[in-house]
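Hi,

Here is the structure I promised to pass on.

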Amino acid sequence: MSQENTLTATDQKSVAELKQIAAQVRRDIVRMVHAVNSGHPGGSLGCADLLVALYFRIMKHNPSFSMKGEGEDLFFLSNGHISPVFYSVLARSGYFPVSELATFRKLNSRLQGHPATHEHLPGIRIASGSLGQGMSVAIGAAQAKKLNGDNRLVYVLMGDGELEEGQVWEAAMYAPHHKVDNLIAIVDRNGQQIDGSTEEIMDLGNLRAKFEAFGWRVLETDGNDLEKLVPTLEEAGKLSGQGQPTMILMDTQMGYGVDYMMGTHKWHGTAPNDEQLEKALQQLLVEEAGDY
C-alpha cells in the first residue's frame, strides 16, 4: 500500500466527535500528572482542543511514522512542557498504545516530562521544552519541504510566555523574508506563565500588530471553541502558498475544562491530589470513556 493511502489526514471527525475526543484527552492529562505528582496540566488542558483538531481533522499524517515525514503535514510542539496533551493525542490517534500513557514521567519511559527523540517515541521529531526554538525548527522543515517539492504544511505551537525568547523574533523576521508560506505558527495566548500573568512578567503588547509588522498574515480565534477553531485552521490552510507565513493567535484558558484550574498560573506545573483528580474527572465525563 502506498504511503498516500495510509495517511490518515483524519476521517473528518465532526465537531461533536472532536469535543468527545478532547474531553477524553483532558481525562488522560489529569490522570497522567496525578499518577506521578508532576507535570504541567494547565497549558495541556488549554491546548487539548487544538491538538485534537489538528490530528483528528486538519492534518494529513501517518501514525506508522517516519522521521522524514515526506508527503504529510508536520507538527512541532515548541512549548514542550505541555507534553501530556501531546502524548495523549498521539496515542489516541494511533502512534503508540494508549496503555503506554501510564508510564508518563516514570523511569525508563519513552514519555519523558519533555518530549525527546532519544526514546524513539513515534510522533516526536524534536526534543523540545527549552523554549524559543520550535519555530526555527519548523521553518527549517517547511523550507526542506519546498526544496523537495512536497506541498504539505508545517505547524508549530508556542506559548505566549515563550515569546519572551529572542530567538522567536529572529525566526519571525526570517520566515516572511524567505516567503515560508507553507508554515502555520500558533501562539497559545492564555496570558499566563510560570510566575504569573504575561502582562505582569513581560507585557507582550499588541501581538497582531507585531507579527503583521514582520510580514505575517495573522488570524485570531478562540482555542477552546471548536466551532471557531476548526474554521480558523481550515482558513489558514487555504492561505498557504500565497507568499506569507500564517500566524494564529489562539486565545485559551489555562486549565480549560476543570473549573478550579482555569485562568490561573498556579496550575502551570502543579499536579492534582486524589480529591482534585476525582473532581476533575467528574467534570470531564465522556461517552464510553476509554481510560488507560
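Glu100 and Arg110 form a salt bridge, with 2.8 Å between the closest N and O atoms. Both residues sit in the loop between helix H5 (83–92) and helix H6 (134–147), so the bridge ties together parts of the chain 10 residues apart in sequence. Keep in mind throughout that this is a predicted model. Glu100 is buried, at 15% relative accessible area, while Arg110 counts as partly exposed at 28%.

Asn108 is not a glycine, yet its phi is positive, about 65°. Asn108 belongs to the loop between H5 and H6, and its relative accessibility of 82% makes it exposed.

Back to charges: the salt bridge count comes to 14. One of them is between the side chains of Lys19 and Glu227, at 2.8 Å from N to O. This one links distant parts of the chain, since Lys19 is in helix H2 (residues 15–36) and Glu227 in helix H10 (residues 226–238), 208 residues apart. Lys19 is partly exposed at 39% relative accessibility, and Glu227 is partly exposed too, at 44%.

Lys146 and Asp181 also meet through their side chains, in a salt bridge of 2.7 Å, N to O. Lys146 is in helix H6 and Asp181 is in the loop between helix H7 (166–177) and strand E3 (183–189), so this pair ties together parts 35 residues apart in sequence. How accessible is Asp181, buried or exposed? Asp181 counts as buried, because its relative accessibility is 9% and the cut-off for buried is under 20%. Lys146, on the other hand, is partly exposed at 41%. There is a network as well: Arg189, Arg208, Glu212, Glu220 and Asp251 are joined into one by salt bridges that share partners.

Lys179, a residue other than glycine, has a phi near 55°. Lys179 lies in the loop between H7 and E3 and is exposed, with 52% relative accessibility.

Now the strands. Strand E2 (residues 154–159) is mostly covered, with 6 of its 6 residues buried. Val154, Val156 and Met158 point one way from E2, whereas Tyr155, Leu157 and Gly159 point the other way, and all are buried. On one pairing, E2 runs parallel to strand E1 (residues 74–77), joined by 4 bridges; Phe76 has Val156 in E2 as its bridge partner. E2 also runs parallel to E3, with 6 bridges between them, and there Val154 has Leu183 in E3 as its bridge partner.

What about the packing? The largest nonpolar core has 60 residues, and Tyr55, Phe75 and Leu157 are those with the most contacts inside it. Another core lies apart from it, with 28 residues, including Met135, Val180, Leu204 and Val218. Leu157 is one of the buried residues of E2 mentioned above.

Ring pairs link Tyr55, Phe65, Phe75, Phe86 and Tyr95 into a cluster. The count of aromatic pairs comes to 10. One of them is Trp169 with Phe214, a tilted pair at 5.5 Å centre to centre and 50° between the planes. The pair links distant parts of the chain, with Trp169 in helix H7 and Phe214 in helix H9 (residues 207–214), 45 residues apart. Phe214 is partly exposed at 33% relative accessibility. For Tyr260 and Trp267 the ring centres are 5.5 Å apart and the planes stand at 65°, so that pair is edge-to-face. Trp267 is buried, at 10% relative accessible area.

Finally, the annotation. The unreviewed UniProt entry gives "domain: Transketolase N-terminal" for residues 20–284. In the model, the end C-alpha atoms of residues 20–284 lie 9 Å apart, and the span is 40% helix and 12% strand.

Cheers

Conventions: Residues are numbered from 1 along each chain as its sequence is written. This is a predicted model: local features need pLDDT of at least 70, side-chain atom pairs count only at pLDDT 80 or more; totals for chains, interfaces and linings use all residues. Side-chain values use heavy atoms; hydrogens and water are left out. A salt bridge is a side-chain nitrogen of Lys or Arg within 4 Å of a carboxyl oxygen of Asp or Glu. Helices (H or I, at least four residues) and strands (E, at least two) are DSSP runs, numbered from the N terminus. Buried means under 20% relative accessible area, exposed over 50%, partly exposed in between (1.4 Å probe, protein chains only). Two strands pair if DSSP finds at least two bridges between them. A nonpolar core is a set of buried Ala, Val, Leu, Ile, Met, Phe, Trp, Tyr and Cys residues joined through side-chain atoms within 4.5 Å. UniProt positions are given in the numbering used here, feature names are shortened, and annotations may be inferred rather than shown by experiment. Rings of Phe, Tyr and Trp (its six-membered ring) pair if their centres lie within 6.5 Å; planes under 30 degrees apart count as stacked, over 60 as edge-to-face and the rest as tilted.
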